[in-house]
Amino acid sequence: MVDRSVSTDSLGRDQAAAVDSPPKKKLKIAIIGCGGISELHIQALRSMADVDIVAGVDIKPRRLQVMQQKFSLTHLYDDYLRMLAEVKPDAVSVCTPNSLHAPMAVHALQAGAHVITEKPMAMNPIECRQMLGAAKKSGRKLAVGFQYRYHPHTQMLVRARDSGQFGDVMFVKCQALRRRGIPNWGVFGRKELQGGGPMIDLGVHVMEMAHYMMGSPRPVSAAGNIWTYLGHKPGNVASMWPGWDHATYNVEDLAVGHIRFENGAVMQVEASFAAHIAADIWNFSFMGTRGGGSWDPPTIHTDSAGTMVNITPAFLPSGDFAGLISAKLRNFVDACLYDAELMAPGET
Ligand SMILES: NC(=O)c1ccc[n+]([C@@H]2O[C@H](COP(=O)([O-])OP(=O)(O)OC[C@H]3O[C@@H](n4cnc5c(N)ncnc54)[C@H](O)[C@@H]3O)[C@@H](O)[C@H]2O)c1
């Protein structure tokens with residue numbers, strides 16, 4: 001069982017560092033895709049006594065230079081297949097654009113490496129199945145980088161669900177909405193490289209943690225709509241990330257959808273890079289037969305001793321972003337080295 005005990009320790013606590021003696025084994029891990037998110041992966045992995053970062057791969061020389069200068073990585077490659085053949089890492093962390101997650105994960109698994117891939121798992125279900133097949137055939141671990149499962153708000157709601165406070169969760173509303181937050185780096189506006197826009201980039205996080213909180217029911221049908229009305233034009237208002245590449249932007253600005261599950265539950269999801277709303281929202285709320293609640297603020301609505309009550313935690317550990325990234329990588333390392341249960345495996 002995954003440890004869901006309540007702790008005031010850092011979310012990314014280092015199991016190996018907790019013992020005095022040096023670790024018996026070390027995981028040799030390579031980073032494929034040395035862009036923005038990889039820096040947080042590297043910072044987390046570098047703090048773990050039982051991990052060695054043995055190589056970095058990127059097609060941009062500038063990023064390899066950053067890896068060398070900032071993190072002292074020495075084995076740097078522009079071709080991940082060559083890296084796999086020469087370095088033979090125990091594990092890889094795939095931090096490339098979405099269209100590369102599946103081929104890179106499959107090749108790494110075939111080369112005998114465990115894989116953690118950044119979210120989303122891949123572009124579509126066919127690619128996900130290819131990854132699962134490769135993991136099964138190689139007997140290696142396959143994890144997906146969904147760090148919001150580790151968030152204290154999510155864990156609080158999961159514990160409440162497990163204790164029966166919600167009864168059956170019937171309806172969940174997920175919102176991952178930015179008023180004007182089109183990434184002005186990377187390839188987030190290019191459908192052929194990312195698979196889509198805010199739904200696959202942001203919505204996936206909130207849907208995933210909500211689905212996890214629901215107990216991972218099986219989806220049976222889905223419907224949705226997407227609209228593009230701002231991202232493909234130059235920005236004409238001040239915003240946090242101005243100057244995005246509108247010329248190549250071919251993903252949606254806003255997506256809304258509806259998923260029905262085998263157990264009768266329904267999930268509604270809204271995701272945007274750009275929308276005329278009052279403020280950004282990152283949340284899910286839900287209604288169950290015995291109780292409901294929301295992720296932010298973490299709240300439970302239920303009946304108690306003849307009174308309708310709203311319950312809020314007196315204390316929860318912080319869920320800072322770097323700590324969540326650290327927690328997901330710690331779980332992956334524990335799974336690779338010590339056969340711990342993966343918290344976010346390729347298949348749930
Ligand atoms: N878990 C999270 O909260 C989170 C946050 C940000 C990004 N991500 C995910 O991480 C991934 C990368 O996002 P990012 O923000 O770091 O993007 P980024 O553009 O900053 O980094 C991607 C890197 O991959 C490199 N790359 C592209 N093709 C390559 C190839 N063939 N071989 C090796 N390297 C290659 C690029 O040169 C770039 O440096 C995406 O899938 C994104 O969804 C996850």
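Me: What order do the strands have in the open sheet of 8 strands?
Reply: The order is S8-S9-S10-S7-S11-S12-S13-S14, and the pairing is mixed. Strands here are DSSP E runs of at least two residues and helices are H or I runs of at least four, numbered from the N terminus; two strands pair if DSSP finds at least two bridges between them. Before we go on, this is a predicted model, where local features need pLDDT of at least 70, side-chain atom pairs count only at pLDDT 80 or more, and totals for chains, interfaces and linings use all residues. Residues are numbered from 1 along each chain as its sequence is written.

Me: Thanks! Which strands stand at the edges of that sheet?
Reply: S8 (219–227) and S14 (307–311) do; each has a single partner strand, so one side of each has no neighbour in the sheet. On average, neighbouring strands are turned by 10° against each other, direction ignored. Angles run from 0 to 180 degrees between N-to-C directions, with axes as lines fitted to C-alpha atoms, for helices over the stretch in contact.

Me: And which strands does helix H8 touch?
Reply: H8 (residues 198–214) packs on this sheet against S7 (169–177), S9 (254–261), S10 (266–272) and S11. The direction of H8 makes about 150° with that of S7. Contact means that the C-beta atoms of two residues, placed from the backbone, lie within 7 Å.

Me: Switching to the sheet of 6 strands: what's the order there?
Reply: That open sheet runs S3-S2-S1-S4-S5-S6, with parallel pairing. S1 (residues 27–32) is joined to S2 by 6 bridges, and to S4 (residues 91–94) by 4 bridges.

Me: What does isoleucine 29 stand opposite?
Reply: Isoleucine 29 stands opposite isoleucine 53 in S2 and opposite alanine 91 in S4.

Me: Is S2 mostly covered or mostly open?
Reply: S2 (residues 51–57) is mostly covered, with 6 of its 7 residues buried. Buried means 20 or more other C-beta atoms within 10 Å of a residue's own, with C-beta atoms placed from the backbone.

Me: Which helix sits between S1 and S2 in the β-α-β unit?
Reply: H1 (residues 36–46), and the unit is right-handed. S2, H2 (residues 61–71) and S3 also make a right-handed unit. Right-handed means that, with the strands pointing away from the viewer, the path from the first strand over the helix to the second runs clockwise.

Methods:
A residue is buried if 20 or more other C-beta atoms lie within 10 Å of its own, exposed if 12 or fewer, and partly exposed in between; C-beta atoms are placed from the backbone.
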